[in-house]
Amino acid sequence: MKEGIMMNEIKKLQANIFKWVILLFTISSVLTLVFINDPKRFIIGLLFGTLISALNFIELSKTIEKAVTMDPAKAQLFSSLRYFVRFIITGVVLFVSIKASYINVLGTIVGLLLIKLVILITNLLNNKEYYKNIFRKEG
């Protein structure tokens, strides 16, 4: 029963992260249309990076779900192998972005970082105690 509740919480968290990624992608695309002369290449790169980043995030979730059911040694090997697969996929994506003339590599990099930015921002904004501790005088 607890496992089911935990999985629902994880799914809600993932859905929330994806909503923020879509919002940031949309804002970035609109800003690109306003401020960049050739926005099509940048937006294709942004979309490419964002989609791969989302797929890597889903893959990370699946890896963690499976790794927690394994014994520790097997889980470490399994997680490490999956990490290298995601790392290689990211490298291939960057290589394709560099080689393809219709994709802006900077847009791809921004897209790859969007999900990390969302996770960082949502965690910083959700933890009000963190800010209270920063501004609290000690002594």
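Predicted model: local features only at pLDDT ≥ 70, side-chain atom pairs only at ≥ 80, totals over all residues.

Residues are numbered from 1 along each chain as its sequence is written, and side-chain values use heavy atoms, with hydrogens and water left out.

**Confidence.** pLDDT is the predictor's confidence in each residue, from 0 to 100. The protein averages 89, and 95% of its residues reach 70 or more. Helices here are DSSP runs (H or I, at least four residues), numbered from the N terminus.

**The core.** Which residues make up the largest nonpolar core? There are 9 in all: Ile-17, Val-21, Leu-24, Phe-25, Leu-46, Phe-57, Leu-114, Ile-115 and Val-118. H1, H2 and helix H4 (105-126) each put in at least two residues, with H1 giving the largest share, 4 residues. A nonpolar core means a set of buried Ala, Val, Leu, Ile, Met, Phe, Trp, Tyr and Cys residues joined through side-chain atoms within 4.5 Å. Buried is under 20% relative accessible area, exposed is over 50%, and partly exposed is in between (1.4 Å probe, protein chains only).

Phe-57 is one of the core residues. Leaving aside neighbours within four places in sequence, Phe-57 is in contact (heavy atoms within 4.5 Å) with Gln-14, Ile-17, Phe-18, Ile-115 and Ile-119.

**Other buried spots.** Ala-54 sits in helix H2 (residues 39-67) and counts as buried because its relative accessibility is 15%. Beyond its neighbours within four places in sequence, Ala-54 is in contact with Phe-18 and Ile-115. Ala-54 and Leu-114 are 60 residues apart in sequence, yet 9.2 Å apart in space, C-alpha to C-alpha.

Asn-56, also in helix H2, is buried at 12%. Not counting residues up to four places away in sequence, Asn-56 touches Arg-86, Ile-89 and Thr-90. Over in helix H1, Thr-32 is buried at 4% relative accessibility. Its contacts, again leaving aside neighbours within four places in sequence, are Pro-39, Phe-42 and Ile-43.

**Salt bridges.** How many salt bridges does the whole structure hold? A search finds 3, taking a salt bridge as a side-chain nitrogen of Lys or Arg within 4 Å of a carboxyl oxygen of Asp or Glu.

| Pair | N to O distance | Residues apart in sequence |
|---|---|---|
| Arg-82 and Glu-59 | 2.5 Å | 23 residues |
| Arg-86 and Glu-59 | 3.3 Å | 27 residues |

Glu-59, Arg-82 and Arg-86 are linked in a network. Arg-82 is partly exposed at 31%, whereas Arg-86 is buried at 12%.

**A surface patch.** Trp-20, Leu-23, Ile-27, Val-30, Leu-31, Leu-33, Val-34, Phe-35 and Ile-36 make a nonpolar surface patch of about 880 Å². Such a patch is built from residues with over 30% relative accessible area and no salt bridge, nonpolar side chains (Val, Leu, Ile, Met, Phe, Trp, Tyr) being joined within 5 Å. One of them, Ile-27, lies in helix H1 (residues 2-35) and is partly exposed at 40%.

Definitions and conventions: Patch = residues over 30% accessible without salt bridge, like charges linked within 9 Å, V, L, I, M, F, W, Y side chains within 5 Å. Areas by Shrake-Rupley, 256 points an atom, 1.4 Å probe, with all protein chains shown as cover.
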